[in-house]
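Here is a briefing on one protein model. Keep the sequence and the coordinates open while you read.

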Amino acid sequence: MRAVQVQEYGGPEALRTVETEVPEPGPGQLSVDVAYTGVNFADLKARGEGYRVPSLPFVPGLEVSGRVRALGEGVSGVEVGQEVAALTAGGAYADVVVADATTVFPLPSGVDLRTAATLPTVLPTAYALVHAVGRLQPGETVLVQGAAGGIGTAVGQLAKAAGASGVFGVVSGAAKAKYALDHGYDDVFVVPSTNATNSAKPVEFVDEVRAAAGGRGVDLALDPVGGETFRASLASLAVFGRLVSFGNASSAEPWRVGQPELYPTGLSVSGFSILTLAQTAPGALRALTEKAFAAVAEGVVSLPVTAEFPLEEASEAHRLMGGRTSTGKLLLRVA
């Protein structure tokens, strides 16, 4: 079968299509004939710096749609040939992938395989950020970094559906701002990105965000960037505000927040990682994913596929996402 491997860390050119053996599922696992694979920023970090890579060579990819190929020992509730979406620990840039049965989900009625590939990581993450971790309440305001990306697109719609009185986004360019405004955002602030991952330069959106939120700041801020963006998001919070960190795209030093930052106005900071939750609390992940998928089936939220590439052109998908100009969801077409 075909697989796209990282044999040494580097740029998009480090992705190489090879022929390899078809993986077989072990106990509690199943294999999937892949139709589509979702492309995520975590894949770029894996390729470039070894994020969550146990060893090389490594096949990236965290989410797929396709049909069940084979069942491992002890697996029930799904059938060979059934259409599913799956969250994987890696290996999804391939014709066949193995996943734990606890992170494989039958497709909701009316959801096709192309749409299904957008769901396993983005939708449960967005749902958790708004509801399970962020606990957004009707009438509250929310600030979202990366508002035009996959998670940002879903969060904007979910926040509106949850009754948010103001949904504000931060993006890196004017085209992304227009896209976000078309997907649930009330106001979007353009902050050009910098290549300096540990830059001490202040991130300039705090005053604009606080003004847009009536001068009081926002009730909930969602940050996948880290570094100075994390600190600026914290500074954008209202009294009793909450910040959820769900990534470190900047590759900055891990954030540290203590009593001096939190005590004066009763702030709180929490974190979320869908990949870690899959390892530590698969039952909670499954319940979360079922709610997120239901929101898609009911038409509450949709995630546009804005670009699609053949499996062999995975490097082009990485170039597009790495250039910080993409919006919505990128897919690899496998079968």
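Is arginine 52 buried, partly exposed or exposed? Arginine 52 has a relative accessibility of 35%, so it counts as partly exposed. The cut-offs explain the label, because buried means under 20% and exposed means over 50%. The model is predicted, and the points below go from the whole chain to single residues.

**Overall build**

- The protein chain holds 11 helices and 15 strands.
- The radius of gyration is 20 Å, which agrees with the value near 20 Å for a compact globule of 335 residues.
- Along the principal axes, the C-alpha atoms fill a box of roughly 60 × 40 × 35 Å.
- Of the 335 residues, 53% count as buried.
- Take the contacts between residues at least 6 apart in sequence: 69% of them join residues at least 24 apart.

**Surface and charge**

- The protein chain exposes about 14,100 Å².

**Aromatic pairs**

- The structure holds two aromatic pairs.
- Phenylalanine 105 and phenylalanine 293 form an edge-to-face pair, because their ring planes stand at 65° with the centres 5.6 Å apart.
- Phenylalanine 105 sits in strand S7 (residues 104-106) and phenylalanine 293 in helix H10 (residues 282-297), so this pair ties together parts 188 residues apart in sequence.
- Phenylalanine 105 counts as buried, at 4% relative accessibility.
- Phenylalanine 293 also counts as buried, at 5%.
- Phenylalanine 230 and tryptophan 255 form a stacked pair, because their planes stand at 15° with the ring centres 5.0 Å apart.
- Phenylalanine 230 lies in helix H7 (residues 227-235), while tryptophan 255 lies in the loop between strand S12 (237-245) and helix H8 (259-262), so the pair ties together parts 25 residues apart in sequence.
- Phenylalanine 230 is buried, with a relative accessible area of 1%, whereas tryptophan 255 is partly exposed at 35%.

- Helix H1 spans residues 41-49, and its buried residues are Asp43, Leu44, Lys45, Ala46 and Arg47.
- These buried residues of H1 pack against strands S1 (2-6), S2 (15-19) and S3 (29-39), and against helix H11 (314-322).
- Arginine 52 is in the loop between H1 and S4.
- Arginine 52 has a positive phi of about 60°, although it is not a glycine.
- Proline 57 is found in the loop between H1 and strand S4 (63-71).
- The peptide bond joining leucine 56 and proline 57 is cis, with omega at about -5°.

**Phenylalanine 240**

- Phenylalanine 240 is not a glycine, yet it has a positive phi of about 65°.
- Phenylalanine 240 lies in strand S12.
- With a relative accessible area of 62%, phenylalanine 240 is exposed.

**Helix H3**

- Nine of the 11 residues of helix H3 (residues 122-132) are buried, so H3 is largely enclosed by the rest of the structure.
- The buried residues of H3 are Val122, Leu123, Pro124, Thr125, Ala126, Tyr127, Ala128, Leu129 and Val130.

**Glutamine 157**

- Glutamine 157 is in helix H4 (residues 150-161).
- At 14% relative accessibility, glutamine 157 counts as buried.
- With neighbours within four places in sequence left aside, glutamine 157 is in contact with His183, Val300, Val301 and Ser302.

**Alanine 213**

- Alanine 213 is in the loop between helix H6 (206-212) and strand S11 (218-223).
- Alanine 213 counts as buried, with 11% relative accessibility.
- Leaving out neighbours within four places in sequence, alanine 213 is in contact with Phe168 and Val218.
- Alanine 213 and proline 120 are 93 residues apart in sequence. Their C-alpha atoms are 32 Å apart in space.

Technical notes:
Residues are numbered from 1 along each chain as its sequence is written. This is a predicted model: local features need pLDDT of at least 70, side-chain atom pairs count only at pLDDT 80 or more; totals for chains, interfaces and linings use all residues. Side-chain values use heavy atoms; hydrogens and water are left out. Helices (H or I, at least four residues) and strands (E, at least two) are DSSP runs, numbered from the N terminus. The radius of gyration is taken over C-alpha atoms; the globule rule is 2.2 Å times the number of residues to the power 0.38. Buried means under 20% relative accessible area, exposed over 50%, partly exposed in between (1.4 Å probe, protein chains only). Contact means heavy atoms within 4.5 Å. Accessible areas come from the Shrake-Rupley method with a 1.4 Å probe; for residues, only the protein chains shown count as cover. Rings of Phe, Tyr and Trp (its six-membered ring) pair if their centres lie within 6.5 Å; planes under 30 degrees apart count as stacked, over 60 as edge-to-face and the rest as tilted.
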